[in-house]
Amino acid sequence: MSQLWNASRLAGNPNTVVPGETMTEVFWNAVNQRGPRLMMREKKLGIWRGWTWDEAGEAVRQLAMGLAANGFQVGECASILSNTRLEWVLADLAVLSAGGVSNGIYPTDAASQVQYLCEDSSTTVLFVEDEEQLDKALMARAQLPLLKLIVVMDMEGLTRYADPMVISLDQLRSHGAAHDAEQVGVFERLRQSRQPQDLAILIYTSGTTGKPKGAMHSHAALVYTMRGYNQVIYQDETDERMLFLPLCHVAERMGGQYFSIYTGTVFNFVENPDTVPENVREIAPTTFTAVPRVWEKFYSAVTIAIAEAGAFQQWAYRVSIGIGYAVSERVLAKRPVPLWLKAAFHMANGLALNNVRRMMGVQRARILVTGAAPISPDLVRWYLALGLPMLEVWGQTESCGASTAMPVSQIKPGSIGLACPFNEVKVDPQTQELLIRGPNVFMGYLNQPEKTAETIDAEGWLHTGDVGSMDAEGFFRITDRMKDIIITAGGKNITPSEWENELKFSPFVTDAVVIGDRRAYLSVIIMIDLENVEKFAQDRDVPFSNYASLTRAPEVQSLIQAEIDKVNTKFARVEQIKQFRLLDTQLTAEDDELTPTMKLKRKFVEQKYSELIESMYRH
């Protein structure tokens, strides 16, 4: 793959980077090894501030002792209700260092959900981000008799607030520093109190079907998986990455926070979820993990920018990306790239491709990783044409994150790669369900032994609910979720995600849900990309007053129909979309229709928009 990138710089590293058999041991050994070196950065008030390993260690120690000073006991659970920020990491490591169990709660969760998660996990300490999240905690606490303390990270607007149960993060640190000075030796005892087999963290599933379930992961599983990641995708202290996905989701918790702690990779926090495009250009990460929604958004932004550029810029991009495709196609086919084409690719970089990468903030990226949802193979090919290896990984909360990964030396768009060397993956011969087995598989669901027994069989295989296949070379491919496969009235099995991924490649479409189970034909519910469709309408003087009126404009309806027509040509007649409807409400992470990784919830959409769906089947 050296024609496009340095494969040797990406190959896995099987060596142990930091010793330790619990996450707590790994972190403190890393602090001892790296001390004054840079660990992480955050941006506040427009200025980037770095934290060394020593500074982080001091903060974590004081917070852990602050928990102990306030009655937190070994084995108890503390929950963190916050967006991804530096204090989230400090709180998480402090809970583990105090011998506790750490649980994350999505900041978009309502007060009733916060109550359920704290009740189910027996939370005794709740960290909250700010005044907004504190309000949820206060609404829930009357039903939480075990809750002893609420710790607020950002006290803006709360300086005059007084409540005996509520303290600031700084106050918790002060309590800890004083307690540490008085209780010599207590901290060492606390941080060594947990064994590898003990419960370390809870990660709750999104609960698209029923109440969320708390997946239990031991220290041993976290350390084992973290080290396993380094066998697959190499990173070290010279790398930088960006943390912006929810830290209560397994992808960022394992692949971002813990993996970076293990490898010494500097991690940078975005200012807030809305500043990701700006912050990524400032950080220019060398390793970048994101969900397909982010990669689609970058592609859309480039597509629209090129459409608005001058004739020369459009020509330069068209020629350059064409050369990139020619090189990447040969590399994917394992064919040699001739010298003249290598020279042409070098020219294409200078002509346009370098600027495209810089526009997205990935000019320093050695590797891009995508996961948590299916991605269009065409999108992977586009990034490859830019000279950026995009590797798809697959796994789930219950497998502690990635269980398959694409090898950089043999990228196959449309595949989720080979089984990671630290676990087994196979296809059930009867159901075609993908199964996972290994030390990375979770301990079970908290308080739900029946659900655990349904998920892990007698031979230790984790039943993922994903239907797929494996080719002769061992590469796996996801067909769809077992529960999402559509069987039409004519008996035809349809995998909706394949069609949806093709449509999401359009810069005008953010998400889509294909409908058609037990129906005569397929239809689709679409969420438009507001920024790009709005620009389309403005350029053509299409009148609209708000989001809803934009979706109803005949020109916009025709635009989306044209995008559907393009995709329909790739499928057999029975798999083509006959009708569509546009959601007339702009959805955000606050809405129930979206998962924390910004995917439309299929079953929820089918229920909430049942009347809209039925309108597509009336004759």
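Tutor: Start with pairing. Two strands pair if DSSP finds at least two bridges between them. The strands themselves are DSSP runs of E, at least two residues long, and helices are runs of H or I, at least four residues long, both numbered from the N terminus. Now the case: Lys 44 stands opposite Ile 47 in S2. Strand S1 (residues 38-44) and S2 are joined by six bridges and run antiparallel.

Student: How should I treat the numbers and the model?

Tutor: This is a predicted model: local features need pLDDT of at least 70, side-chain atom pairs count only at pLDDT 80 or more, and totals for chains, interfaces and linings use all residues. Residues are numbered from 1 along each chain as its sequence is written, and side-chain values use heavy atoms, with hydrogens and water left out.

Student: What is the order of strands in the open sheet of four strands?

Tutor: In general, strands of a sheet pair through backbone hydrogen bonds, either parallel or antiparallel. Here the order is S2-S1-S11-S10, with mixed pairing. Strand S2 (47-52) and S10 are the edge strands, and each pairs on one side only. Neighbouring strands are turned by 25° against each other on average, direction ignored.

Student: Which strands does helix H2 lie across?

Tutor: Angles here run from 0 to 180 degrees between N-to-C directions, and axes are lines fitted to C-alpha atoms, for helices over the stretch in contact. Contact means heavy atoms within 4.5 Å. Helix H2 (residues 53-69) lies across S1 and S2, at about 80° to S2.

Student: Are the residues of strand S10 buried or exposed?

Tutor: Buried means under 20% relative accessible area, exposed over 50%, and partly exposed in between (1.4 Å probe, protein chains only). In S10 (residues 240-243), Glu 240 and Met 242 on one side are buried, and so are Arg 241 and Leu 243 on the other. Both faces are covered.

Student: What do S10, helix H9 and S11 make?

Tutor: A crossover is right-handed if, with the strands pointing away from the viewer, the path from the first strand over the helix to the second runs clockwise. S10, helix H9 (residues 250-263) and S11 make a right-handed β-α-β unit. Four bridges join S10 to strand S11 (residues 266-269), and the two run parallel. Leu 243 has Phe 269 in S11 as its bridge partner.

Student: Which residues of helix H10 are buried?

Tutor: In H10 (residues 276-283), they are Val 276, Asn 279, Val 280 and Ile 283. They lie on the same side of H10 because they cover an arc of only 105° around the axis. The arc is that of the directions from the helix axis to the C-beta atoms. Just after H10, Ala 284 takes a positive phi of about 45°.

Student: Where is Trp 88 found?

Tutor: Trp 88 is in helix H3 (residues 86-97). Trp 88 is buried, with a relative accessible area of 0%. Leaving aside neighbours within four places in sequence, its contacts include Met 153, Leu 247 and Arg 253.

Student: What is the order of strands in the open sheet of three strands?

Tutor: The order is S24-S25-S26, with mixed pairing. Strands S24 (509-515) and S26 (577-582) are the edges. S24 and strand S25 (residues 522-528) pair in the antiparallel sense over six bridges. Val 513 has Ile 525 in S25 as its bridge partner. Helix H16 (residues 496-504) packs on the sheet, touching S24, S25 and S26.
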